[in-house]
2 protein chains.
Amino acid sequence: MNLAILGMGTVGCGVVDVLSENREKITGLIGEEITISHVYVNNVDKERSVDLGGAIITDDINSLLDSDDIDTVVEVMGGMEATRDILTKFLKKGIHVVSANKDMLAKYIDELSLVAEDNGASLLYEASIAGGIPIVNAIEYGLNANRIHKVMGILNGTTNYILSKMTKDGWDYQQALEEATEKGYAEADPTNDVDGFDAQRKIVLLSRLAYERKVDIDEVPVTGIRDVQLKDIKNAKAAGFRLKLVGKSEFDGVGMSIEVAPVLLPADHQLASVEYEKNAVYVMGNAVGETMFYGPGAGGMETASAVVSDLINCMKNQNVACKGPRPDQFAQMKMSDQPCRYYIRFDSDIGGYLEEMDIDYSPVDSTDDTTVITEPVGQALLKKLKSNEAYNIKAIYQVEGN
Amino acid sequence: MNLAILGMGTVGCGVVDVLSENREKITGLIGEEITISHVYVNNVDKERSVDLGGAIITDDINSLLDSDDIDTVVEVMGGMEATRDILTKFLKKGIHVVSANKDMLAKYIDELSLVAEDNGASLLYEASIAGGIPIVNAIEYGLNANRIHKVMGILNGTTNYILSKMTKDGWDYQQALEEATEKGYAEADPTNDVDGFDAQRKIVLLSRLAYERKVDIDEVPVTGIRDVQLKDIKNAKAAGFRLKLVGKSEFDGVGMSIEVAPVLLPADHQLASVEYEKNAVYVMGNAVGETMFYGPGAGGMETASAVVSDLINCMKNQNVACKGPRPDQFAQMKMSDQPCRYYIRFDSDIGGYLEEMDIDYSPVDSTDDTTVITEPVGQALLKKLKSNEAYNIKAIYQVEGN
């Protein structure tokens, strides 16, 4: 079995390490050896920490595309359009592709899945959602007797680390971000993480998989954590909640609501105890009820665990990706129409107005400002509340659970 | 696709319900309809809450064994030797078997797996470990790139419910057991649950799967929760721990340590927040690190979720059970030889003696008696400590994590 690896960064090196450290087990499962035959990199001269054996190391992608020796391709190089073009070409040759590229897949997975299907190849992407957590496998095989109606995840380790530091140690946002950068959890430009775009890609891929519906990423609203204030985290904690950046979607068989936003979770919610850089995905099915899958959302070896499992399953020709949604199966996007509770911090006493609007609420112990947690409020009423100029809403977060 | 169901209790009815409620999805996945052709029950005249359609309902197992119309058998009737004989006969005919029978499988799975393999049939058992949590699928497919070295689970909902009630509401054991019985979590005779035998069966099945080694259930030490005292739960809680009944095993490639016992988990351990009747399995792999899988450990629809997923995967001829351990692959059983921390409650002040033995410890705030949490103690030293007649150990629990 000849394997080509595209990209030799942290995850690429992790794949080489896992294949080498667990060689005996993996060979036993597949029934033959995996040989890394080709490695595609930008810079062939760079020193690498892993032993690539007799692999051909090249910066010429055409030499891989022209080769007849490659059975499967692992793509861990990132990139958008150019990468999509390369993977399309491999799939058209009937070569299986395992990709960890969530940015590209969140946009092009429908198109690539069709190419794979038309050419008898598999497109596997376990590593592109929540790193090492085998959530694609769980939804596609472990829970496939269920109609899934809700998916909710802590899908970004950087933001979860920052929020944990703020919640547990009372750090402010900037201090926590700096620590996350120092520890290597956040990149030099943290935009993709802190503004929620990384989580957005993952909830798109998860929702598509769980509901078998296409999701246009541009229609998914995103609020990041850049404006989260320590005082709201403290207020929430005092009231028995944890503020977490959550990617969430619900599907009723026709319409899908989907969003990424900071949300208050009850402290005893299973997702609330997922701390620091860890990730977790909470899935509700109509037979199984509540389930949750917890583990590492990033890291070289951790993500390689998912890549190599895909590789084993694909080489054994089992557990290969289901067909995606049919070309016309777009989700009908909608705002969630269920009334929800909200955490709201105002700059003035709004009690009378809330009572006038017939919104029940509990006050939250808060150092300054007026803070309340409301009983479930419908979307129309919420809109009215938000637009009332007499009151300045300084923070508003949805509260999960009723 | 013709399906025979053996047993029509809570889980049997759940299987019928899931097949009916999710028929469209399931048919789409398999590519054809599943028809319940035969139902085997003790009492054919009993009223049932589910519509069995045109199925032949019989108390004559031979009429099923002689039928040529059955493609797959779901066994949800329980029983030991007689059930094993029946399933052996089906497997010998090349008929796939999906079983939720942990009691029987914990003893006979090696034997039945061999029969299945020899006859080109599948033996699937997702529902026999931790109900609806797709943990067999996770270990066998989602994490198969890893060498797994530790498995630890809250595998019994009844005992977890009792311990949660004691911990969160300060109830005593008897009171919590009565409530569990009333709620239907505990059976009239709670021995299998409270004495740990149910968890023992599940950790046996889990460990066999995770390490690909045979495990003789009679070699697995079990301590239940019957003697757990509220004061130890309170002491543990005050010291930042939760007392949980845990099935646990570790494997170093040669030797396996395995046990069921009440254990102190640090309050921030992911398993510590699994409350009431819920189950969870914590798995450590050499690539992925820590993972956890959470969900319902029992219930009709919940368990049926696992049974029907097995059914779908087996009918699609994918995700079918791996070969089990080879006939000679017995685990070499051993006591864990790693030093661990212990929670110990004595009837007298033992500080001086612990110092004499060079065991570091922290005192635990305790209403009466002397309670300590030690630094890691080796097994030899522990034995010596336990056998010292000058001090009466009134409670001792292992503390997870160092």
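**View 1. A hairpin turn in chain B of this predicted model, with B:Gly253 at a positive phi near 100°.** Let us begin with the hairpin made by strands E8(B) and E9(B), which has three residues between the strands. The two strands run antiparallel, and 11 bridges join them. E8 of chain B covers residues 241-251, while E9 of chain B covers residues 255-266. Keep this pair of strands in mind, as the next two views return to them.

View 2. Is strand E9(B) mostly covered or mostly open? E9(B) is mostly covered, with 11 of its 12 residues buried.

**View 3. B:Lys244, a buried lysine in strand E8 of chain B.** B:Lys244 counts as buried because its relative accessibility is 2%, and the cut-off for buried is under 20%. Which residue stands opposite B:Lys244 in E9(B)? The answer is B:Val263. The side chain of B:Lys244 also makes a polar contact of 3.2 Å with the side chain of B:Asn160. Leaving aside neighbours within four places in sequence, B:Lys244 is in contact with several other residues, including B:Ile154, B:Leu163, B:Pro262, B:Leu271 and B:Glu275.

**View 4. A:Thr159, a buried threonine in helix H7 of chain A.** We now move to the other chain, where helix H7 spans residues 157-169. A:Thr159 has a relative accessibility of 1%, so this residue counts as buried. The side chains of A:Thr159 and A:Asn156 are joined by a polar contact of 2.8 Å. Not counting residues up to four places away in sequence, A:Thr159 touches A:Asp193, A:Val194, A:Ile225 and A:Leu245.

**View 5. The interface where chain A touches chain B.** How many residues of each chain take part? Chain A gives 43 residues, in contact with 43 residues of chain B. The size of an interface is often given as the accessible area lost when the parts come together. For these two chains the buried area is about 3,900 Å², and carbon and sulfur atoms give 48% of this. In chain A, the residues that lose the most area to chain B are A:Lys25, A:Gln270 and A:Tyr294, together 16% of what that side buries.

View 6. Two salt bridges are found across the interface of chain A and chain B. One joins the side chains of A:Glu290 and B:Lys278, at 3.5 Å from N to O. There are also 31 residue pairs in polar contact between the chains. Among the elements that give two or more residues to the chain A side are helix H1 (10-21), helix H12 (300-315) and strand E11 (289-296). That side divides into 19 nonpolar, 16 polar and eight charged residues. Finally, E11(A) and strand E11 of chain B run antiparallel, joined by three bridges. Within this pairing, A:Phe293 has B:Phe293 as its bridge partner.

Note on methods
Residues numbered from 1 in each chain as written. Chains lettered and ligands numbered in written order. Predicted model: local features only at pLDDT ≥ 70, side-chain atom pairs only at ≥ 80, totals over all residues. Heavy atoms only, no water. Contact = heavy atoms within 4.5 Å. Buried area = accessible area lost by both parts, 1.4 Å probe. Salt bridge = Lys/Arg side-chain N within 4 Å of Asp/Glu carboxyl O. Polar contact = N/O pair within 3.5 Å; in protein donor to acceptor, adjacent residues only side chain to side chain. Helix = DSSP H or I, 4+ residues; strand = E, 2+ residues; numbered from the N terminus. Nonpolar A, V, L, I, M, F, W, Y, C, P; charged D, E, K, R; others polar. Pairing = 2+ DSSP bridges. Buried < 20%, exposed > 50% of the residue type's maximum accessible area, 1.4 Å probe, protein only.
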